[in-house]
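Hi everyone, thanks for making time this morning.

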Amino acid sequence: MAFLKRSPWLLHYDASSCNGCDIEVLACLTPLYDVERFGIINTGNPKHADILVITGGINELNRDVVENIYEQMPEPKVVVAVGVCAASGGVFRECYNIVGGVDKVIPVDVYVPGCAARPESIIDGIVTALGILEEKRSRMANLTAEKEVARREAEAGS
Amino acid sequence: MNGILGALLFIILAPFLGGLIAGADRILTARMQGRVGPPLLQPFYDVGKLFEKENVVVTTAQNFYILAYLAFIIVSGALFFAGGDLLLIIFAFTLAHVFLVLGAYAVHSPYSHIGAERELIQIMAYEPMIILSAVGLYLVSGSFYVGDIIASTVPAILYLPGVFLGFLTILTIKLRKSPFDISTSHHAHQEIVKGITTEFSGATLGQVEIAHWYENVFLLGFVYLFFAFNPILGVVAVIVTYVAEIFIDNTTARLRWQAALQSGWGVAAILGLFNLAVVVYIIGGV
């Protein structure tokens, strides 16, 4: 059964964004857009999250934080880079401390364009991400079973 | 025989009923905030998804504690619907929450520990009032057995309005609603990350959710006891109570833990004890 795409919980991280995209991400939760219609919950906990929404081009200080958050999220998971800074660094691209795009640090599944990205395009990006999430889940189902068997064997062997 | 049937019905039907209540809760909450809200079956999608996710376990002890939490919630609810002893039910219910707290303490995470401490404070806050409720029902019906209390024709609510109001106050704590939603941030979703459930994910978190559904059905059953002399009135009272709790949830901010403790003990001392004293010394029993 595919419950996953009916219940995506997302984690929003601001990786040195100018706050423009962050406000638009939060606007998606307001009565006008109400993403809870799709079962989306804005969680603050990477261990409960399915979708990582990152805004901003990542600087050298929060590079480790982004990696850490990504590692803590249980599979299957997708990353949505919101805004042009998250895609390429945007106007901050030439700054000495900017890494220049989320995909320089962690794998990104969906890029949402715009400066700032409009709530409509963010929702569109997340709905696209749901398709990828579902794909990953069906692939994961087999992989997790294999991992579990390997772990049990390793435990029995030790 | 009736008792076993009641317990079986609770074990089988309570998750469905609890999930539907949670779904209706989320829709009603969304409407109160001017939103459309998720589908009615959203809580089932959520729990279904949690069981699909990768099983990330920080320490295997937490799985055992959470399973024990779920088991003892089911035991206390099943005893309740079997018409068992109210005191035993309350002790099993408390034990269940002790397991939840132990599960959160099993992990070395400051967020989880803060959640566990807050849950302990909540247990301290609601425990006196829940016991006074049982005592009140005993004074009115002459028995601690749920079966006898339901069979009693005495209108308990007329003798115990204070105890009932006190019970409603701690019900807000138990249903994890504002202003006392401090240990799990169940409706806030992010406060000191996610409180007691921070380090649970996947199937373990799913079990916590299912336990919460069982718990809600049991607590609404407890509300029914005050109106048991008239079943139709009882069901109406349960629905009105729950809608009122959602309304309170949406109109209040979360308070600090001191306020939870003061409110819990305050209502127990003022409404609860005063009401019981009136029943015993002025009315002179029932």
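Before anything else, a quick definition: I call a residue buried if 20 or more other C-beta atoms lie within 10 Å of its own. Please also keep in mind that this is a predicted model. With that cut-off, 46% of the 158 residues of chain A count as buried.

On to overall dimensions. The C-alpha trace of chain A spans about 55 × 40 × 20 Å along its principal axes. As for contacts in chain A with a separation of 6 or more, 81% of them come from residues 24 or more positions apart.

Let's turn to the partner chain. How many residues of chain A are in contact with chain B? There are 21, and they touch 25 residues of chain B. On the chain A side, the elements giving two or more residues are β2 (41-43) and α4 (119-157). The largest share, 3 residues, comes from β2(A). For those of you who think in side chains, the residues on this side of chain A divide into 6 nonpolar, 8 polar and 7 charged.

That's my tour, and I'm happy to take questions.

Note on methods
Residues numbered from 1 in each chain as written. Chains lettered and ligands numbered in written order. Predicted model: local features only at pLDDT ≥ 70, side-chain atom pairs only at ≥ 80, totals over all residues. Buried ≥ 20, exposed ≤ 12 C-beta atoms within 10 Å, placed from the backbone. Contact = placed C-beta atoms within 7 Å. Helix = DSSP H or I, 4+ residues; strand = E, 2+ residues; numbered from the N terminus. Nonpolar A, V, L, I, M, F, W, Y, C, P; charged D, E, K, R; others polar.
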